[in-house]
Amino acid sequence: MKRRPFCRIDRDGCIACGGRVFERRSVISDALASAWGLSARERAEFDEREGQACAACQMSKRVRMLLWSIRKLFPSASSLRVLHCNQVNGLSPWLRTLGQVTETCYRPELALGAKAGELVNEDICQLSFGSHSFDLAIHSETLEHVFDFNQALREVERVLRPGGVQVYTVPLLHGRATRQRMEREADGRVLQLLARSFHGSEGEFPVVWEFGHDFFAQRSTHIVELHYDLYWRNRTVFSVVERKKAVADREPVDSRVFSQPKERE
Ligand SMILES: [Zn+2]
């Protein structure tokens, strides 16, 4: 895993539009700060991550971080097949410059794979796309709402071509271990382990996971790069890059059993 601690996304102005004025809004409510158990510093860090938007184009620092990572990985791409899960605010026009973009939403009342306007209704844990359909997948602030986030990451990996990457963000606190607020039983029943918590407004998708430092350990064999804005100043502003291994990179297969290395489905 490679860390690049000091990329400084705003050094030359807003990475999206070049704007030099950034708004400062408090977006973490007292109720959320209390439920999440944020220290004053952690709350200020999340306020900066979500509330320090470019005054000209309104892109948040979190999304500017994501865009920085995408540009770093694909400085001159124009023919990528891109999967954009759950429409990250303001990112769509930039992804379209990279190639063909498929955008998804998640609306439980619709059939999976159904069109919802320009979007496709998709459950990130069971995508309707064929394997090896995309070169790049983007998701942001989705995994904390998914019961089996490792399955979501596996499923996105499945639809990537070998060597393809997924770039994503999660809200994470480095100073503590992951905490689970909800659990789904084998029979589908949902258990509320801690009080219901929402990152947006009440009634949106509730928080299942409050990620902590162990998230990186869990994903360590998949993460190839971690990009931070300024690690020491605000450790919540980062994006994660996971790469799907090419066939040649996979574990050697016992040739007495298989004549060809098998692609995992
Ligand atoms: Zn801007």
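**View 1. Helix α2 and its cover.** Helix α2 spans residues 40–51, twelve in number. From its first C-alpha to its last it reaches 15 Å, close to the 16 Å expected at 1.5 Å a residue. That expected span is 1.5 Å times one less than the number of residues. Helices (H or I, at least four residues) and strands (E, at least two) are DSSP runs, numbered from the N terminus. This is a predicted model: local features need pLDDT of at least 70, side-chain atom pairs count only at pLDDT 80 or more, and totals for chains, interfaces and linings use all residues. Residues are numbered from 1 along each chain as its sequence is written.

Buried residues in α2 are E42, F46, D47, E48, R49 and E50. A residue is buried if 20 or more other C-beta atoms lie within 10 Å of its own, exposed if 12 or fewer, and partly exposed in between; C-beta atoms are placed from the backbone. Their cover includes α3 (61–73), β8 (172–173) and β14 (234–243).

**View 2. Around L67.** L67 touches I15, A16, L91 and W94, not counting residues up to four places away in sequence. Contact means C-beta atoms, placed from the backbone, within 7 Å.

**View 3. A three-stranded open sheet.** The strand order is β8-β12-β9, with mixed pairing. Two strands pair if DSSP finds at least two bridges between them. The edge strands, β8 and β9 (179–180), each pair on one side only. β9 and β12 run antiparallel, joined by two bridges. R179 has E210 of β12 as its bridge partner.

Conventions. Two residues are in contact if their C-beta atoms, placed from the backbone, lie within 7 Å.
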